[in-house]
Amino acid sequence: MTIQNGVEQISLEHASDAYNPAALALELNAILLVYRVNPSPKNGSGDDRLEACIVDRNFRVISRPHVLHSLGRWCEDPRLVLVNNDIWLVYGCPSKEGATFRERGIGLANLRVDLGSGSVSVEPCGQVFKAIGHRPCEKNWSPFAYCDRLLFSYSICPHVVLHREGDWECLASTSRPILWPSTFISGGTPAVWCRQTDEYLAFFHAVSFPFDALRHSASFHEKCLSHTRYYTFGAYTFTASPPFSLRRVSPYPLTYEGIFSIPNQRVTRDERVVFPSGVLLDDHEVTLLVGENDSGMKAIRYNLTALLNSLSD
């Protein structure tokens with residue numbers, strides 16, 4: 001059985017180089033799309049903002065776009081999740097005033113959508129930072145809904161799940177080895193509950209370097225600055241209730257026709273980027289939304305049964 005059903009580039013006339021899209025299915029076959037834009041890409045990522053619009057199932061825009069100004073500048077990599085009829089936007093943002101590019105936190109905001117008028121409003125809810133330990137850069141938390149609560153996969157290996165009630169708490173932490181051609185595995189899409197198998201499904205991304213970079217560079221930061229790097233991605237599942245143990249993982253990187261084909265308009269160093277950021281699930285198909293080369297968006301449609309069967313225990 002073929003895993004992949006098709007690939008299409010998502011082209012927005014008003015934001016042709018938008019990338020890293022998040023998506024959430026709404027009523028009336030509409031989809032809320034939130035993505036990353038930069039009005040001055042030559043100035044680097046400091047001007048990055050998040051923008052939202054409503055699209056149909058073919059990703060054609062059906063409402064005017066809304067720049068989410070109240071979130072501020074230098075926002076990145078949105079994720080969307082529905083919890084008890086509330087739409088939550090999770091995104092990367094500066095951890096403090098005057099933060100450097102390595103001082104990042106996780107922002108949280110509530111979105112309200114009016115399908116009649118096509119309007120999208122946002123209410124920032126503060127910022128999450130240093131939930132576990134004291135890492136200067138918090139990125140790529142993968143949100144999911146469980147029993148009307150908003151939870152986060154903080155890391156995948158080990159699979160650490162966070163919950164917030166006042167202070168942040170580690171709700172569960174489980175570990176199993178993941179054999180993958182990269183030591184840098186990180187979160188990607190939100191996790192969505194798969195009714196057919198009663199488990200959560202999500203996609204992660206990983207960063208790989210040539211062998212000489214792994215052999216000679218002392219740190220991940222040095223590798224990023226000095227060597228070509230490649231992004232890969234895969235799927236994983238975890239149990240539908242605590243302790244949310246990992247169940248199945250892609251045994252090898254997933255790919256698709258035309259991967260990395262969007263011309264690189266932003267990244268200054270030599271790298272190939274595919275970033276899984278949004279996921280839509282129905283009874284028979286899963287649609288993965290990715291940012292490619294920080295310069296565009298694509299939707300990859302997978303046969304759900306075939307994708308799940310391709311994962312390894």
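**Entry 1**

I count two residues as in contact when heavy atoms lie within 4.5 Å. On that basis I looked up the contacts in the protein chain between residues at least 6 apart in sequence, and 55% of them join residues at least 24 apart.

The model is a predicted one, in which local features need pLDDT of at least 70 and side-chain atom pairs count only at pLDDT 80 or more, while totals for chains, interfaces and linings use all residues. I number residues from 1 along each chain as its sequence is written, and side-chain values use heavy atoms, with hydrogens and water left out.

I then took the secondary structure from DSSP runs, numbered from the N terminus (helices are H or I, at least four residues; strands are E, at least two). The protein chain holds three helices and 22 strands.

For burial I use relative accessible area: buried is under 20%, exposed is over 50%, and partly exposed is in between (1.4 Å probe, protein chains only). Of the 313 residues, 53% count as buried. The chain exposes about 14200 Å², of which carbon and sulfur atoms supply 49%; these areas come from the Shrake-Rupley method with a 1.4 Å probe.

**Entry 2. The open sheet**

In what order do the four strands of the open sheet stand? I read the order as 1-22-21-20, with antiparallel pairing; two strands pair if DSSP finds at least two bridges between them. Strand 1 (4-10) and strand 20 (274-281) are at the edges with a single partner strand each, so one side of each has no neighbour in the sheet. Neighbouring strands are turned by 20° against each other on average, direction ignored; the axes are lines fitted to C-alpha atoms, and angles run from 0 to 180 degrees between N-to-C directions.

I next examined strand 21 (residues 285-292) and strand 22 (residues 296-303), which run antiparallel and are joined by eight bridges. Gly 291 stands opposite Met 297 in strand 22.

**Entry 3. Nonpolar cores**

I define a nonpolar core as a set of buried Ala, Val, Leu, Ile, Met, Phe, Trp, Tyr and Cys residues joined through side-chain atoms within 4.5 Å. The largest has 22 residues, and Phe 203, Phe 233, Val 286, Tyr 302 and Leu 307 touch the most other members. Two or more residues come from each of strand 16 (199-208), strand 17 (229-239), strand 20, strand 21, strand 22 and helix 3 (304-310).

I followed Leu 307 beyond its neighbours within four places in sequence and found contacts with Ile 3, Leu 201, Phe 203, Ala 235, Leu 254, Val 286 and Tyr 302. Apart from this core lies another, of 20 residues, including Ala 30, Ile 54, Leu 80 and Ala 109.

**Entry 4. Salt bridges**

- Asp 48 and Arg 36 have their closest N and O atoms 2.4 Å apart. Asp 48 lies in the loop between strand 3 (31-37) and strand 4 (49-55) and Arg 36 in strand 3, so the pair ties together parts twelve residues apart in sequence. Both Asp 48 and Arg 36 are buried.
- Arg 36 also meets Glu 76 (3.3 Å, N to O).
- Glu 76 in turn meets Arg 104 (3.3 Å, N to O). Arg 104 is in strand 8 (residues 104-114), 28 residues from Glu 76. Glu 76 is buried, at a relative accessible area of 6%, and Arg 104 is buried at 1%.

**Entry 5. Two partly exposed residues**

Ala 145 is in strand 10 (residues 142-146) and is partly exposed, with a relative accessible area of 26%. Leaving aside neighbours within four places in sequence, I find Ala 145 in contact with Val 81, Leu 82, Val 83 and Tyr 200. Ala 145 and Ala 191 are 46 residues apart in sequence, with 8.1 Å from C-alpha to C-alpha.

Where is Thr 255 found? I place Thr 255 in the loop between strand 18 (246-249) and strand 19 (271-272). Thr 255 is partly exposed, with a relative accessible area of 47%. With neighbours within four places in sequence left aside, Thr 255 is in contact with Gln 4, Phe 233 and Tyr 302.

Terms used
A salt bridge is a side-chain nitrogen of Lys or Arg within 4 Å of a carboxyl oxygen of Asp or Glu.
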